[in-house]
Amino acid sequence: MMIIYNGPSLLDGKPIVVIATKKSGNAKTGDMVQTYILCRDIDPRDANKRGDDYSICGNCKHRGTATDDPTRKLAKNRSCYVNIGQGVLIVWKAFQRGAYDAITGHDNIAAIGAGRMVRLGTYGDPSAVPAWIWESLLSQADGWTGYSHQADVAGADYRPDMVMRSADTEQEARDAWQNGERTFRVVANVSDIIAGREILCPASKEAGQRVQCHDCKLCAGSSIAAKSIAIPAHGAGATHFTA
Ligand code: SF4
């Protein structure tokens, strides 16, 4: 694991880090370089609970509602698919212990992604980070997946040529398509998919889970000439399927 960014969030100027991991056995994404975008100095559970995760998640609605309720560990009504208490917390604690080396410079960051599939924002929104970090990481990669909720957020380095726009409504998706953007949308049912504009994610249960992101590679923004992606929601906390 390596630190590939340590600096201000583009969303609110507070300190964040990006940790890249070489190995991943994630069942849905397959073997991809994972990238964790984290508040640098705040336990990720507390950051979510208090709303300090704006630095890394911006206005994504899946963060839930900030609270100071002493009986809660996380924000109210959090619906993000990422389990903060597992990989995110482990990575942040190891970073705090000084377990990871900082990697700087285009060539060194490029080497991490070389010949690999890369996942932009295993946790956190890639647009909180200057895109030149991602450009280096992806410059020799086999491909990547990425998603962003920050299309309308001032300061965000939102790159629709690189990431899928996470669309929370059909109207948002339609507006994005007008701009040539590709979207990733969670729908209630397969029948909600807009024929001719969207296709069903092939990793979904409904599509028979016939491929992983590692081989599919479709969620790479407008760098790929393909239809937008939709996936039916799968129960509580799975409203945003990108894991
Ligand atoms: S459509 Fe996107 S989320 Fe689904 S398998 Fe392909 S890359 Fe992964």
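I take helices (H or I, at least four residues) and strands (E, at least two) as DSSP runs, numbered from the N terminus. This is a predicted model, so I ask for pLDDT of at least 70 for local features and 80 or more for side-chain atom pairs, while totals for chains, interfaces and linings use all residues. Numbering runs from 1 along each chain as its sequence is written, and side-chain values use heavy atoms, without hydrogens and water.

**His 214**

I found His 214 in helix H7, residues 213–216. The classes are buried under 20%, exposed over 50% and partly exposed in between (1.4 Å probe, protein chains only). The side chain of His 214 makes a polar contact with that of Asp 215, at 3.0 Å. A polar contact is a pair of N or O atoms within 3.5 Å; within protein, one must be able to donate a hydrogen and the other to accept it, and residues adjacent in sequence count only if both atoms are side-chain atoms. I also checked Gly 143: it sits 71 residues from His 214 in sequence, yet 8.3 Å away C-alpha to C-alpha.

**Helix H3**

H3 covers residues 84–96 and bends by about 25° at Ile 90. The bend is the angle between axes fitted to the seven residues ending there and the seven starting there. At the N-terminal end I see Asn 83 as a cap, with a side-chain oxygen 3.0 Å from the backbone nitrogen of Gly 85. Buried residues of H3 include Val 88, Leu 89 and Trp 92. Their cover includes S1, S2, S3, S5 and helix H1 (44–50); contact here means heavy atoms within 4.5 Å. After H3 comes Gly 98, with a positive phi near 85°.

**Helix H4**

Which residues of H4 (106–113) are buried? I list Ile 109, Ala 110, Ile 112 and Gly 113. Seen down the axis, the buried residues of H4 fall within an arc of 150°, so they line one face. The arc is that of the directions from the helix axis to the C-beta atoms. Among the elements covering them are strand S5 (117–123) and helix H5 (131–138). Gly 115 follows H4, with a positive phi near 70°.

**Cysteines**

I count zero disulfides, a disulfide being a pair of cysteine sulfur atoms within 2.5 Å. For Cys 80, the nearest cysteine sulfur is that of Cys 60, 6.5 Å away. Cys 80 is buried at 19% relative accessible area. Cys 201 also counts as buried, at 7%.
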